[in-house]
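Welcome! Please take a moment to look over the sequence and the 3D view, and then let us walk through them together.

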Amino acid sequence: MGKSSLDVRGLYKNELIDYLAQLGEKSFRGKQIFCWVQARVVQDWSEMTNLSNTLQDKLSQNLRFSPLKLILERVSCDGTRKYLLELEDGKRIESVLLFHGGAISKKRTTLCISTQVGCPMGCEFCATGKMGFVRNLTAGEIVGQVLDLTYLRKKEDQQFKINNLVYMGMGEPLLNLPEVLKSIRILNHEEGQKIGIRRITVSTCGLVPQIESLAEENIDIVLAVSLHAPNDKLRNEIMPVNKQYPLGKLINSCRRYIEKTGRRVTFEYALVKGFNDNMEQVVELSTLLRGIKANINVIPINTVSDGAFNKPSSEKIKKFVVALREKGLDVVIREEKGSDIEAACGQLAGSIM
Ligand code: SAH
Ligand code: SF4
């Protein structure tokens with residue numbers, strides 16, 4: 001196993017233990033290293049003070065340990081922080097840190113992380129979609145976003161911790177399912193970041209076979225499905241994935257997911273002025289989701305540079321939400337955060353790369 005193949009931040013505790021045994025070291029070293037990397041978020045072997053210098057050297061020759069490079073940080077007036085990060089091969093991704101509720105010291109945090117460089121799904125309204133697909137992230141690179149941004153924030157706030165994790169940054173998580181699942185299991189591990197499994201959301205544009213696979217995983221995360229339109233005609237116009245997996249198939253797979261896991265599904269609906277924000281769509285949406293255990297997140301669309309998609313007025317948004325609630329649906333409006341710093345998916349990398 002060469003140095004280039006194994007990234008210490010993408011290994012399960014048991015994999016580290018086995019690897020240390022292969023190197024002829026005591027297995028408890030594997031547990032210690034997992035704790036240094038995943039819980040104490042050190043950034044270098046030399047910080048692992050209960051390991052001898054000789055062992056530190058040996059590990060540095062056999063395992064990769066490469067924190068992501070911070071290229072840019074933007075801070076919004078609402079506190080949202082957006083990070084542009086560089087991977088080992090020079091490719092760039094984004095992560096967004098959001099704060100909510102409470103006094104500053106009691107605020108809860110949500111980190112939005114990327115799973116791919118770019119995305120092949122080509123949704124019309126999405127800045128990442130416009131970039132096309134470059135490559136999948138490894139589990140270590142997904143986990144790394146949490147570790148490195150935690151490390152960064154801890155310099156200012158010793159108590160800092162990520163409470164919620166959303167796989168809603170760049171890329172389609174279900175096209176990178178094995179690495180995404182591994183990252184979730186590492187980040188949920190009780191000797192690591194210990195992020196509550198029910199506080200982890202994975203968002204998909206609606207890949208039916210992968211939703212079926214996820215249902216088999218027996219993992220208690222929240223599944224979010226980007227719906228954005230209540231009928232095939234409208235959805236085809238903005239989401240090419242709908243031609244392959246139209247709404248009938250998608251909603252059926254969501255029903256099976258709910259049946260199998262016992263969990264609700266969250267449907268995301270980005271409101272676009274004059275496109276999907278009328279009473280006609282309220283009626284269609286409530287018919288489509290009738291009898292499904294679902295939460296609906298209404299998101300005012302964030303206009304990307306070409307300006308083809310604009311958000312409705314706040315009155316129109318409220319009217320839409322109230323009408324959905326009157327139909328008996330559970331709806332929340334996703335707070336708009338960081339719009340002054342291009343915090344929507346793919347916007348920053350798109351404008352800087
Ligand atoms: N690929 C996955 C997850 C990443 S995108 C998915 O599509 O679900 C995360 C969410 O941001 C999705 O709901 C996506 O539709 C939404 N999104 C993308 N561009 C947006 C924009 N310009 N305004 C509002 N939401 C956007
Ligand atoms: Fe990809 Fe999601 Fe953007 Fe669609 S919305 S292009 S699936 S990242």
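Which residue forms a salt bridge with Glu-216? The partner is Lys-260, and the closest N and O atoms of the two are 3.6 Å apart. Keep in mind as we go that this is a predicted model. Glu-216 sits in the loop between α7 and β9 (222–226), whereas Lys-260 belongs to helix α10, so their contact ties together parts that are 44 residues apart in sequence. With a relative accessibility of 54%, Glu-216 counts as exposed, because exposed means over 50%.

Now look at another pair that involves helix α10. Glu-212 and Arg-256 form a salt bridge whose closest N and O atoms are 2.4 Å apart. Glu-212 is found in helix α7 (residues 208–215) and Arg-256 in helix α10 (residues 247–261), so this pair, too, ties together parts that are 44 residues apart in sequence. Glu-212 is partly exposed, with a relative accessible area of 26%, and Arg-256 is also partly exposed, at 42% relative accessibility.

What lets such residues pair up? Side chains of opposite charge can do so when their charged atoms come close. The count for this model comes to 22 salt bridges. Among them is the one between Glu-73 and Arg-81, with the closest N and O atoms 2.6 Å apart. Here Glu-73 is partly exposed, at a relative accessible area of 31%, while Arg-81 has 14% relative accessibility and counts as buried, because that value is under 20%. Elsewhere, Asp-7, Arg-64 and Glu-88 are linked in a network of salt bridges.

Strands of a sheet pair through backbone hydrogen bonds, either parallel or antiparallel. For an example, find strand β2 (residues 81–86) and strand β3 (residues 92–100): they run antiparallel and are joined by six bridges. Within this pair of strands, Tyr-83 stands opposite Ser-95 in β3.

Finally, which residues are around ligand 2? They are Cys-119, Met-121, Gly-122, Cys-123, Cys-126, Gly-129, Gly-171, Glu-172 and Cys-205. This shell divides into five nonpolar residues, three polar ones and one charged.

Definitions and conventions: Residues are numbered from 1 along each chain as its sequence is written. Chains are lettered from A and ligands numbered from 1 in the order in which they are written. This is a predicted model: local features need pLDDT of at least 70, side-chain atom pairs count only at pLDDT 80 or more; totals for chains, interfaces and linings use all residues. Side-chain values use heavy atoms; hydrogens and water are left out. Two strands pair if DSSP finds at least two bridges between them. Helices (H or I, at least four residues) and strands (E, at least two) are DSSP runs, numbered from the N terminus. A residue is near a molecule or strand if one of its heavy atoms lies within 4 Å of it. Ala, Val, Leu, Ile, Met, Phe, Trp, Tyr, Cys and Pro count as nonpolar, Asp, Glu, Lys and Arg as charged, and the others, Gly among them, as polar. A salt bridge is a side-chain nitrogen of Lys or Arg within 4 Å of a carboxyl oxygen of Asp or Glu. Buried means under 20% relative accessible area, exposed over 50%, partly exposed in between (1.4 Å probe, protein chains only).
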